[in-house]
Amino acid sequence: MATATAGSAPSPVERAIQRNLKGLGYLASSAPVLGASPKDVVLSRGPLRLYHYHPLTDEVYRVPVLLVMATTNRGYIFDMVPGQSLVEFLLLRGYDVFMADWEAPRAEDRGLGMKDYVETFVGGSIAEVQRLTGESDVSLVGYCMGGVLSVLWAGLNHAAGPKNLAVFTTPVDFRQMTLFQAWSDQRYFDVDRLVDTLGMAPAEMLLTAFDMLRPAGRISANFALLDNLWNDEFVKGHRMFDRWSSDMLPLAGEYFRETTKQLVWDNALMEGTMKVGGRPVELGKIAAPFLHVTAEHDHIVTTGASAPLIGLIGSQDKEQVVLKGGHVSLIAGPNAVKRMWPRLDAWLAEKSV
Amino acid sequence: MSDTPNLDPFGLARGWMSQWEKLVNQHGTELLAKPEAAQAMQAMTGAAMQIQAASQEASAKLLAAANLPSRADFEALGARLGAIEATLSRIEQSLRAVAPDVTPPRPAIARTRKPPSQSPDT
């Protein structure tokens with residue numbers, strides 16, 4: 001075995017031999033099983049799946065944690081494999097963990113809009129967590145668009161909670177997402193025609209858009225894989241993240257239409273004019289302790305798009321943390337294990353009793 | 001400086017790839033941010049949508065001729081099933097309000113954990 005041990009990196013010849021041997025193994029082997037922490041599906045509505053993970057400690061913090069996943073991707077990024085799972089980390093630290101995850105919307109879900117995602121899905125998940133745990137307090141933790149949905153729910157229901165609100169890489173100033181702005185230019189992009197024709201925003205279209213944010217990304221990632229085929233850990237990580245990033249979900253048509261018009265075109269969240277189901281979203285009235293964790297090298301939700309959020313939230317107890325990493329490595333992988341997860345735990349533990 | 005020849009075929013390629021990636025990402029995103037690029041992308045999306053709509057219409061006609069259900073028929077069926085599920089969910093919620101849950105609850109876990117800073121042994 002030529003993998004690196006302490007003080008002895010493999011020689012170039014050893015690496016070349018291992019690359020050839022393991023290249024065949026890579027092609028023949030199956031991908032790792034992801035998202036396998038034991039759990040129950042406690043609520044299923046349209047594309048929403050609410051999971052309750054089995055506790056791993058004898059006693060848990062009083063306040064349960066509800067993770068809200070981004071609507072474009074699968075929630076197993078929070079639960080990759082043992083040792084690289086945020087869910088497992090939180091369970092071992094004594095939290096009672098729930099997750100609002102998404103399936104691909106079906107044809108009959110095309111009419112689901114922002115109100116459904118915010119009130120029915122996020123709000124409904126909170127109500128179910130409250131019912132199952134018997135606790136009125138819930139900590140809400142959202143990632144990317146899951147963070148937007150969490151912030152929208154909190155801005156509509158500031159009197160009711162949540163107990164704590166933590167979001168990761170959550171955009172608020174969509175004008176700063178310059179490439180998405182360019183591609184959805186109202187002069188050329190007819191969102192009504194797209195939604196009315198297809199009923200959904202296709203996953204392939206979204207995947208292409210994300211890929212084009214770094215046009216060389218996929219080729220250089222494949223080169224890095226070839227270069228590192230001798231390194232088992234690298235290969236395992238590549239397979240997990242490559243599978244996850246390619247496993248995108250289509251978006252329900254009305255939800256995509258409203259996201260495009262209100263958030264991207266009107267920049268309504270930033271301008272303070274955002275309404276959901278006719279009700280105003282009042283970020284300034286959110287009083288729950290608030291944490292926003294962003295990534296220094298995020299090429300999807302750039303610093304310009306995420307940084308203003310902290311100033312719009314009304315909470316007295318609020319904090320923004322910028323950590324090393326990118327949009328995905330902030331929340332999963334070795335970088336997250338070392339940086340973000342302990343930071344979240346340190347912030348949340350004191351507020352969960 | 002070592003005189004040992006570099007036997008790693010990936011050594012040179014690594015540096016070259018790094019430069020290439022930077023250049024392509026920088027110039028590629030500059031190019032893609034231009035209105036002309038957005039216009040071209042939307043034209044392609046529009047054409048793809050037209051093709052899809054036309055093929056849907058044609059296959060619906062073919063299926064109707066063969067007396068087979070079309071995608072729209074399945075969607076309508078799905079919508080009806082969804083409505084039935086929603087009704088069942090409402091009935092379930094109403095029943096829960098008037099009768100206790102019949103499923104045995106998972107053993108309640110103690111919600112008494114304290115953060116390390118408040119634990120007696122710290």
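Let's start with the largest nonpolar core, which holds 101 residues. A nonpolar core here is a set of buried Ala, Val, Leu, Ile, Met, Phe, Trp, Tyr and Cys residues joined through C-beta atoms within 7 Å. Buried means that 20 or more other C-beta atoms lie within 10 Å of a residue's own, with C-beta atoms placed from the backbone; 12 or fewer make it exposed, and anything in between is partly exposed. Which members touch the most others? They are A:Leu66, A:Leu67, A:Val97, A:Ala100 and A:Ile331. Helix H4 of chain A, residues 145-156, gives the most to this core, with 8 residues.

A quick word on the ground rules: this is a predicted model, where local features need pLDDT of at least 70, side-chain atom pairs count only at pLDDT 80 or more, and totals for chains, interfaces and linings use all residues. Residues are numbered from 1 along each chain as its sequence is written, while chains are lettered from A and ligands numbered from 1 in the order in which they are written.

Let's look at A:Ala100. Leaving out residues up to four places away in sequence, A:Ala100 touches, among others, A:Leu48, A:Leu50, A:Phe121 and A:Ser125. Contact means that the C-beta atoms, placed from the backbone, lie within 7 Å.

Now step back to chain A as a whole. Chain A has 15 helices and 12 strands; these are DSSP runs numbered from the N terminus, with helices (H or I) of at least four residues and strands (E) of at least two. Its radius of gyration is 21 Å, close to the 20 Å from the globule rule for 353 residues, so chain A is as compact as a globular protein of that length. That radius is taken over C-alpha atoms, and the rule is 2.2 Å times the number of residues to the power 0.38. Of those 353 residues, 46% count as buried.

How do the two chains meet? Chain B brings 37 residues to the contact and chain A brings 34. On the chain B side, helices H1 (10-32), H2 (35-65) and H3 (71-98) each give two or more residues, and H1(B) has the largest share, 11 residues. By class, that side has 17 nonpolar, 13 polar and 7 charged residues. Nonpolar covers Ala, Val, Leu, Ile, Met, Phe, Trp, Tyr, Cys and Pro; charged covers Asp, Glu, Lys and Arg; the others, Gly among them, are polar.

Finally, chain B divides into domain 1 (13-68) and domain 2 (69-99), with bounds from an automatic or database domain assignment. Their centres, taken over C-alpha atoms, are 36 Å apart.

Notes: Two residues are in contact if their C-beta atoms, placed from the backbone, lie within 7 Å.
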